[in-house]
Amino acid sequence: MSNPQQIDRQEYNITVYTENHVGLLNRIATIFSRRKMNIESLNTSPSEIEGIHRFNIVINETEEVVGKLVKQIEKQVEVLKAYYHTNQDVIWQEMALYKVPTDVIAEKALVERLLRENGARAVVIRKDYTVFETTGHREETDNLIKVLQPYGLIEFVRSARIAIIKDSEGFNRKLREFERAEPGEGAVENEFLNSRDNVFTM
Amino acid sequence: MLTQEKQAPELLEATKTITGGEAIMLGLLQEQVDTIFGYPGGAIMPIYDALYDYREQLHHVLVRHEQGGIHAAQGYARSSGKVGVVFATSGPGATNLITGLADAMIDSTPLVCITGQVYAHLLGTDAFQEADVISISAPVTKWNYQVTEAEELPEALAKAFYIAKSGRPGPVLLDITKNAQLQKFDFAGYTPCRHIRSYRPKPLVRKEYIRAAAELINNARKPFVLWGQGVMLGAAEQEFKAFIEKSGIPAAWTIMGAGALPTDHPQNVGMLGMHGNYGPNVLTNECDVLIAIGMRFDDRVTGRLDKYARQAKVIHLDIDPSEIDKNVQTTVPVWGDCKETLPMLTQLVEEKSHTAWLQKFHTYRDTEVAELIRDELFPTSGELTMGEVVQQLNDLTNGEAIVVSDVGQHQMVACRYAKLNQTRSNITSGGLGTMGFALPAAIGAKYGAPDRTVVAVIGDGGFQMTLQELGTIMQSGVDVKILILNNQFLGMVRQWQELFNERRYSFVDITSPDFVKVADGYGIAGKRISEREELKGALQQMLSHQGSFLLEVMVAKENNVFPMVPQGCSVSEIRLK
């Protein structure tokens, strides 16, 4: 039986700008775990501003649920701002590493071609094994696993997703607003209210 | 990492070397704290040592269990509108706070809890009385922070108070390692916090939505106001009353909002929700504009959501953006502090009376009175009812008392029937439903409002969960009237088992000790009654007694609380029997 909620589900990229505060990762994680939701991918890193951290969280959900989650995240005291975007609204990448036996690679010319086709490059070459790296979307990094599997893939690891928001101007201007005692409308702007026109008609 | 405004230069000059513990005392004094509820232990000893020198200014109430301490602080905060302060030690002391933190979190009660923690160098070593309190308390605190250096303390404490009381209030926990309490540092003075760059307590009010809301209200034929605790948390009782009176809209309350508008106000049409009044529940599904003010559409209020007010346009006033559209889809969201938004709305709404619409509520009220309220409040034969006890209490206090209730049948009866003339008069565990809340909360409520009579209405089950706090009453001499409504059952669960589980009474039959003797052991006067003729006299005796008094009233064993919206039903499917 098809559940209409299932159909509306898709990947959303949640971007969170935060202070660097011990325990905040836990607070953000429990917003998902308390609703028994799985985080597909989570990355924390510095942002364009010194001292401000950036979380990239990927979740497979309906827009209604994601909107509520983002409001709960933004409610945390140390969270400056949280956004959510579909895959179409962001540029995103994941990085993967593959360890394969060097003798197989050296002997089979086919492997070299396959690696080339998949945009992989060697990071380390040792007598016993070689480590390849590739960067791309999930399907691309997944595909190389399939390709390398017959040649004795020893170890595989993939990083969390990182994403850049296509229409973002960055966070510098907003942060300056937040630092004022009485932030102006620019800072306390409210995407939710702005997008309401289609819901609310007098 | 803490971020805050720079210290004023004149304060920097006046530095002196003090311990972390003393810095906390100076900070508490700056925050106008007058009462602390707490319990000492190894890891918080330096703070208690500092308190010894400040015991005249900072009145410390020694409780009998940390849960009692935090519920008392909740009662204090709820009756006074100030921040409740709790001290507890590390490990078990801190974990005993968790129920109270969860309760304060869901009921938006401002608290600052200070827990001791093991020395910083022992963190993570499974040291004696070490528990990871920051992780454990994270989901049930608005904010928490571990202090491991004394010099962090003034700033951390200032942030704690600011976060606890601003915006949508909530509990905050500071976990302070023992070395930070002992350490001496150059204290440059205490500066209250007024801004945190990552925290916006109040969303900016958008005037176009005020205008849209006013237009909806002005065009409405059957508008209906639902109000919650937000009106009191925003100290907006007067603004709310002005709005109600100008617009002429009937208004109903959640149990957390009870008393923000006096019970006998002509437009107060009663209580919402599962055991609320008949009219407000049925007419929720008939109104054309629903105006929710400082309430969060809890499931006990809405019943089945897909059959809740589907015909109505919804205006939602709330300070917390995450409440908008959380449970009920809003037509016009009015974000902001209702202290600001209500006057803006009042200015734009037309003066109306909605007489015929209000009359509908009165008609339902008449039916409810005839079918069940009369028998509950004024029975002439049979066993005593909980309702008549509350009714007699109303007559004697004339609605001026603070009524603190526990959780269960007596809570619903107390909230339904207590007459409340003043705001901050109904203190109950609304969101979490914490049995054992009432006795300690009543102690705290009395400290928060020393000039008012405080009556704790408690069931026989809930009383046994925290009755150790009789020791706190004995030692502190606080004047709390304890009214136990004893039906010899865990009554609410029994009611559900009767109605929905074919009377399979599974472990709801609870025995009690002789409560009057227990009270006597603590030096507290008491009395037990079971006859109607004794009721008024006994209540009078309780109220006029100098000091605390325990009155146990034996009530009907198997009475049910009605009306009732059965779980999974719409509010308009409310049952009168």
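Q: Into which domains is chain B divided by the domain assignment?
A: The model is a predicted one. For chain B, the assignment gives domain 1 (9-187), domain 2 (207-360) and domain 3 (384-554). The C-alpha centres of domain 1 of chain B and domain 3 of chain B are 30 Å apart.

Q: How many residues of domain 1 of chain B are in contact with domain 3 of chain B, and which helix gives the most to that side of domain 1?
A: In general, the size of an interface is often expressed as the accessible area lost when the parts come together. Here the description is by residues in contact: 27 residues of domain 1 of chain B meet 26 residues of domain 3 of chain B. On the side of domain 1 of chain B that touches domain 3 of chain B, at least two residues each come from strand S2 (35-38), strand S3 (59-62), helix H4 (66-80) and helix H6 (98-106) of chain B. H4(B) gives the most to this side, namely twelve residues. By class, the residues on this side of domain 1 of chain B are ten nonpolar, twelve polar and five charged.

Q: What is the strand order of the six-stranded sheet in chain B, and which strands stand at its edges?
A: In chain B, six strands form an open sheet in the order S3-S2-S4-S5-S7-S6, and the pairing is parallel. The edges are S3 and strand S6 (143-147) of chain B; each has a single partner strand, so one side of each lacks a neighbour in the sheet. From one strand to the next, the twist averages 20 degrees. S2(B) and S3(B) run parallel and are joined by four bridges. Within this pair, Thr35(B) has His59(B) in S3(B) as its bridge partner. H6(B) packs on the sheet, where it touches strand S5 (111-117) and strand S7 (171-177) of chain B. The direction of H6(B) makes about 145 degrees with that of S7(B).

Q: How is the packing of H12(B) and H15(B) to be read, and at what angle do their axes cross?
A: Two packed helices are described by the angle between their axes and the distance between the axes. The axes of helix H12 (residues 237-247) and helix H15 (residues 338-348) of chain B come within 9 Å and cross at roughly 25 degrees. Because angles under 35 degrees count as roughly parallel, H12(B) is roughly parallel to H15(B). Their crossing is left-handed.

Q: Which residues of H12(B) meet H15(B)?
A: From H12(B), the residues are Glu239(B), Phe240(B), Ala242(B), Phe243(B) and Lys246(B). They meet Lys339(B), Leu342(B), Pro343(B), Leu345(B) and Thr346(B) in H15(B). The contact of H12(B) with H15(B) comprises six nonpolar, one polar and three charged residues.

Q: Where are the domains of chain A, and what is the strand order of its four-stranded sheet?
A: Chain A is divided into domain 1 (4-89 + 171-185) and domain 2 (91-158). The centres of these two domains of chain A, taken over C-alpha atoms, are separated by 32 Å. The sheet of chain A is open and has the order S2-S3-S1-S4, with antiparallel pairing. Its edge strands are strand S2 (41-46) and S4 of chain A, each of which pairs on one side only. Direction ignored, neighbouring strands of this sheet are turned by 15 degrees against each other on average. Strand S1 (residues 10-19) of chain A pairs with S4(A) in the antiparallel sense over seven bridges. One bridge links Thr15(A) to Tyr83(A) in S4(A).

Q: How many residues of chain A are in contact with chain B?
A: The contact involves 26 residues of chain A and 27 residues of chain B. On the side of chain A that touches chain B, two or more residues each come from helix H2 (24-33), helix H3 (63-75), strand S4 (79-86) and helix H7 (172-179) of chain A. H3(A) provides the largest share of this side, four residues. This side of chain A has ten nonpolar, seven polar and nine charged residues.

Q: Which backbone details deserve a note, and where is the cis peptide bond?
A: The peptide bond from Phe562(B) to Pro563(B) is cis, with omega near 0 degrees. Pro563(B) lies in the segment after strand S20 (549-554) of chain B. In chain A, Lys36(A) is not a glycine, yet has a positive phi of about 50 degrees. Lys36(A) is located in the loop between H2 and S2 of chain A.

Key: Residues are numbered from 1 along each chain as its sequence is written. Chains are lettered from A and ligands numbered from 1 in the order in which they are written. This is a predicted model: local features need pLDDT of at least 70, side-chain atom pairs count only at pLDDT 80 or more; totals for chains, interfaces and linings use all residues. Domain bounds come from an automatic or database domain assignment. Two residues are in contact if their C-beta atoms, placed from the backbone, lie within 7 Å. Ala, Val, Leu, Ile, Met, Phe, Trp, Tyr, Cys and Pro count as nonpolar, Asp, Glu, Lys and Arg as charged, and the others, Gly among them, as polar. Axes are lines fitted to C-alpha atoms, for helices over the stretch in contact, and angles run from 0 to 180 degrees between N-to-C directions. Angles under 35 degrees count as roughly parallel, over 145 as roughly antiparallel, 65 to 115 as roughly perpendicular and the rest as oblique. A crossing is left-handed if the near helix is turned anticlockwise from the far one by less than a right angle, and right-handed if clockwise. Two strands pair if DSSP finds at least two bridges between them.
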